Amino acid sequence: MIISLLSFAPILCLSNNTNYNGYLYPQFYDWSCPNAKDIVKSVVAKAVAREARMAASLLRLHFHDCFVKGCDASLLLDSPGTLISEKISNTNRNSARGFEVIDEIKSALEEECPQTVSCADILALAARDSTVLAGGPSWEVPLGRRDSRDASLSGSNNNIPAPNNTFNTILTKFKLKGLDLVDLVALSGSHTIGKARCTSFRQRLYNQSGNNLPDYTLDQYYAAQLRTMCPKSGGDQNLFFLNYVSPTKFDNSYYQNLLASKGLLNSDQILVTKNQASVELVKLYAENNEIFFERFAKSMVKMGNISPLTGYRGEIRKNCRNINY
């Protein structure tokens, strides 16, 4: 009997944990670490039960990892020796969180199946599980990523969309990663959960265009409420719900807020003020939660496929904070 070598590819990948094929697929750990997904889900569930905000924090880690130089867990690295961590970038400093949860997941996985499950895959699974726990959609997570041996502070500073970026700048950053306008509007929906710091939207309240006037696209009653806890100076770290309507529930009320001129961040509100195609997508998702969930899931898989390390590139870290020595 003649059997194609291709039929053995998944077996090779799963038996020694090296992704020779160079593509990702959900069954990657089915043989090498069959309980991997359940372990990740269990730890994430406990973390979100302790603090509902953690769902948004873990989802954000995956986003901030993938947009730098691909989904390779470079964000998780600390700064030993000459390596400069992405954690101190403008977009992550005093903001990115949830690293201890990733550590807990990795520790449990190392006990179950040593040096088998990558930190990059942990981030992807934790993002999905966090979304589901908050009431959002589920999707099959393609797996088989490996971990980088370096980080990019400049990439973190320059590649991740920032709250005060223009619409065109944000869209360009998405396109440079192989994502499009549909992905931009769908993935922005992750702001239906979580919080943002006063410093990330203060200019909208007091000096949006350098003329000492507030942002006219922000509902002024909402702006007045925000000013009570976000003064002109001080209070930089004061936290505000990104979606005040249902702050811990993953749903489409984020888009409804945008249509009511109550998006918290400038990067949120410009989805309805700067581009007609974007406005139409916002309206669609605001009206139909099911379509939003479907688009969000597809865009998350697409984002998770940004430049993964496979084959012999990268490594499987023993500790997500440090490269192997």
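**Chatting through a few helices**

Reader: Where does Val101 sit?

Author: Val101 is in helix 4, residues 99-112; helices here are DSSP runs (H or I, at least four residues), numbered from the N terminus. This is a predicted model, where local features need pLDDT of at least 70, side-chain atom pairs count only at pLDDT 80 or more, and totals for chains, interfaces and linings use all residues. Residues are numbered from 1 along each chain as its sequence is written, and side-chain values use heavy atoms, leaving out hydrogens and water.

Reader: OK, is Val101 buried or exposed?

Author: Val101 counts as buried because its relative accessibility is 5%. Buried means under 20% relative accessible area, exposed over 50%, partly exposed in between (1.4 Å probe, protein chains only).

Reader: What is Val101 in contact with, skipping neighbours within four places in sequence?

Author: Val43, Ala47, Met54 and Leu58, with contact meaning heavy atoms within 4.5 Å.

Reader: And how far is Val101 from Val44?

Author: Their C-alphas are 7.2 Å apart in space, though 57 residues separate them in sequence.

Reader: Switching to helix 14, which residues are buried there?

Author: Phe292, Phe293, Phe296, Ala297, Ser299, Met300, Met303 and Gly304.

Reader: What covers them?

Author: Among the elements covering the buried residues of helix 14 are helix 3 (54-69), helix 5 (119-133) and helix 13 (276-287).

Reader: How long is helix 14?

Author: Helix 14 covers residues 289-304, so 16 residues, and it reaches 22 Å from first C-alpha to last, close to the 22 Å expected, which is 1.5 Å times one less than its number of residues.

Notes: Helices (H or I, at least four residues) and strands (E, at least two) are DSSP runs, numbered from the N terminus.
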